[in-house]
Amino acid sequence: ELIMTLSIDHIVLTVNDMDKTIKFYCDVLGMTLKEFHPANGGETRKSLIFSNQKINLHHANSPYEPHAKNPLSGTTDICFLSSTPLEKWESRLLENRIEIEDGPVKRTGATGPIMSLYVRDPDMNLIEISNKI
């Protein structure tokens with residue numbers, strides 16, 4: 001029997017402006033930028049680290065091989081679970097002039113009910129920030 005275990009190791013975001021993306025995810029969402037060298041060589045790459053997860057960043061003009069069949073910026077919809085109350089996230093987002101598109105609103109997460117805020121990153125990906133309820 002095969003079982004998919006534990007968690008997602010990483011996802012990839014295709015971005016148009018690396019600096020704007022890094023600023024949003026690091027300065028606003030509190031992730032940490034990490035540069036790394038691919039195991040099989042090649043140019044230094046960038047990733048965003050949070051908890052025990054990471055998001056690899058591919059520039060739209062030169063995505064790392066292999067990549068999705070149609071790597072396009074602005075096509076991702078991702079939900080981040082946070083232990084920080086949504087009220088604090090609302091304040092942080094407003095301080096950084098990030099428009100809250102929806103929320104707080106009750107949704108169904110992978111393990112039960114969540115309360116969520118929705119915003120857009122610089123590439124217009126839909127970013128959901130949620131608390132378990």
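This is a predicted model: local features need pLDDT of at least 70, side-chain atom pairs count only at pLDDT 80 or more; totals for chains, interfaces and linings use all residues.
1. **Overall layout.** The protein chain has two helices and eight strands. Going along the sequence, you'll read them off as β-α-β-β-β-β-α-β-β-β.

2. **Size and packing.** The C-alpha trace spans about 45 × 45 × 25 Å along its principal axes. For 133 residues, a compact globule would have a radius of gyration near 14 Å, so the 16 Å found for the protein chain agrees with that. Buried residues account for 33% of the 133 residues. If you take the contacts with a sequence separation of 6 or more, 51% of them join residues 24 or more positions apart.

3. **Strand β4 and its partners.** Strand β4 covers residues 53-59 and pairs in the parallel sense with strand β1 (residues 10-15), over six bridges. In that pairing, Leu-13 stands opposite Leu-57. Strand β4 also pairs with strand β3 (residues 45-50), this time in the antiparallel sense and over five bridges.

4. **The β3-β4 turn.** These two strands form a hairpin with two residues between them. Have a look at Ser-51 in the turn, which has a positive phi of about 55°. Phe-50 has Gln-53 in β4 as its bridge partner.

5. **Leu-86.** Is this residue buried or exposed? Leu-86 counts as buried, because its relative accessibility is 3%. Leu-86 lies in helix α2, which runs over residues 86-95. Leaving aside residues up to four places away in sequence, Leu-86 touches Pro-104, Met-115, Ser-116, Leu-117, Ile-129, Ser-130 and Asn-131. Thr-75, on the other hand, is 11 residues from Leu-86 in sequence but 24 Å away in space, C-alpha to C-alpha.

6. **Glu-128.** This one is worth a look on screen. Glu-128 sits in strand β8 (residues 126-132), and it is buried yet has no salt bridge. Which side chain of opposite charge is nearest to Glu-128? That would be Arg-107, at 5.2 Å; a salt bridge here would need a side-chain nitrogen of Arg within 4 Å of a carboxyl oxygen of Glu. The Glu-128 side chain does make a polar contact, with the side chain of Tyr-118 at 3.2 Å.

7. **Around Glu-128.** Again setting aside residues up to four places away in sequence, Glu-128 touches Ile-78, Cys-79, Phe-80, Arg-107, Ile-114, Ser-116, Leu-117 and Tyr-118. Ser-116 and Leu-117 turn up among the contacts of Leu-86 and among those of Glu-128.

How values were computed
Residues are numbered from 1 along each chain as its sequence is written. Side-chain values use heavy atoms; hydrogens and water are left out. Helices (H or I, at least four residues) and strands (E, at least two) are DSSP runs, numbered from the N terminus. Buried means under 20% relative accessible area, exposed over 50%, partly exposed in between (1.4 Å probe, protein chains only). Contact means heavy atoms within 4.5 Å. Lys and Arg count as positive and Asp and Glu as negative; His and the chain ends are not counted. A polar contact is a pair of N or O atoms within 3.5 Å; within protein, one must be able to donate a hydrogen and the other to accept it, and residues adjacent in sequence count only if both atoms are side-chain atoms. Two strands pair if DSSP finds at least two bridges between them. The radius of gyration is taken over C-alpha atoms; the globule rule is 2.2 Å times the number of residues to the power 0.38.
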